[in-house]
Amino acid sequence: MKMTLGAVAKSGTARANKTGSWRTIRRPLFLHVGCTACNLCSLSCPEGCISGSTKNMYCPDFDFCKGCGVCATVCPTHDIEMIPEEHGKDCVPGVAPLKAPYNDCEIKKMSSS
Ligand code: SF4
Ligand code: SF4
């Protein structure tokens, strides 16, 4: 999509732009362990790309998730972690993914971003 500086995009165009391509450093890992289905992550996601309605069934659409980390920040049960993009995992509703072991270098890189 061609954009002119200062222009306002028509409503609905966000869906046409796969904002997941903006994600370079980190991505959310939905742990599916302590989710209470509070829906805060879904309501807070600026891309509106998290779907789910029952406990441990929430997942983002990685075509649109830009890795901002808002979902992990607002989750009251800390059931979402931001992980390095290179450890990318699919999100399967109801399935608790195994966590990758992170080394100090990766953790430092994430905390400085
Ligand atoms: S990191 Fe979370 S809040 Fe941010 S775009 Fe991705 S799913 Fe939405
Ligand atoms: S914010 Fe956390 S507890 Fe609430 S629905 Fe999302 S993953 Fe589940």
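Biologist: Which loop holds His32?
Modeller: This is a predicted model, so to speak of local features we need pLDDT of at least 70, side-chain atom pairs count only at pLDDT 80 or more, and totals for chains, interfaces and linings use all residues. Residues are numbered from 1 along each chain as its sequence is written, while chains are lettered from A and ligands numbered from 1 in the order in which they are written. Helices (H or I, at least four residues) and strands (E, at least two) are DSSP runs, numbered from the N terminus. On that scheme, His32 is in the loop between strand E1 (26–30) and helix H1 (40–44).

Biologist: Does His32 count as buried or exposed?
Modeller: The backbone there has a positive phi of about 55°, although His32 is not a glycine. A residue is buried if 20 or more other C-beta atoms, placed from the backbone, lie within 10 Å of its own, exposed if 12 or fewer, and partly exposed in between. His32 has 21 C-beta neighbours inside 10 Å, so it counts as buried.

Biologist: And what is the phi of Ala37?
Modeller: Ala37 is also in the loop between E1 and H1. With 13 other C-beta atoms within 10 Å, Ala37 is partly exposed. It isn't a glycine, yet its phi is positive, at about 60°.

Biologist: In what order do the elements of the chain run?
Modeller: The chain has three helices and four strands. From the N terminus on, they go β-α-β-β-α-β-α.

Biologist: Which residues have the most contacts inside the largest nonpolar core?
Modeller: A nonpolar core is a set of buried Ala, Val, Leu, Ile, Met, Phe, Trp, Tyr and Cys residues joined through C-beta atoms within 7 Å. The largest has 15 residues, and the ones with the most contacts inside it are Cys41, Ile50, Cys71 and Ile80.

Biologist: Which residues come nearest to ligand 2?
Modeller: A residue is near a molecule if its C-beta atom, placed from the backbone, lies within 6 Å of it. The shell splits into nine nonpolar, three polar and one charged; Ala, Val, Leu, Ile, Met, Phe, Trp, Tyr, Cys and Pro count as nonpolar, Asp, Glu, Lys and Arg as charged, and the others, Gly among them, as polar. Of its 13 residues, the nearest are Cys35, Cys38, Leu40, Cys41 and Cys75.

Biologist: Which come nearest to ligand 1?
Modeller: That shell has ten nonpolar, two polar and two charged residues. Out of 14 around ligand 1, the nearest are Cys45, Pro60, Cys65, Cys68 and Cys71.
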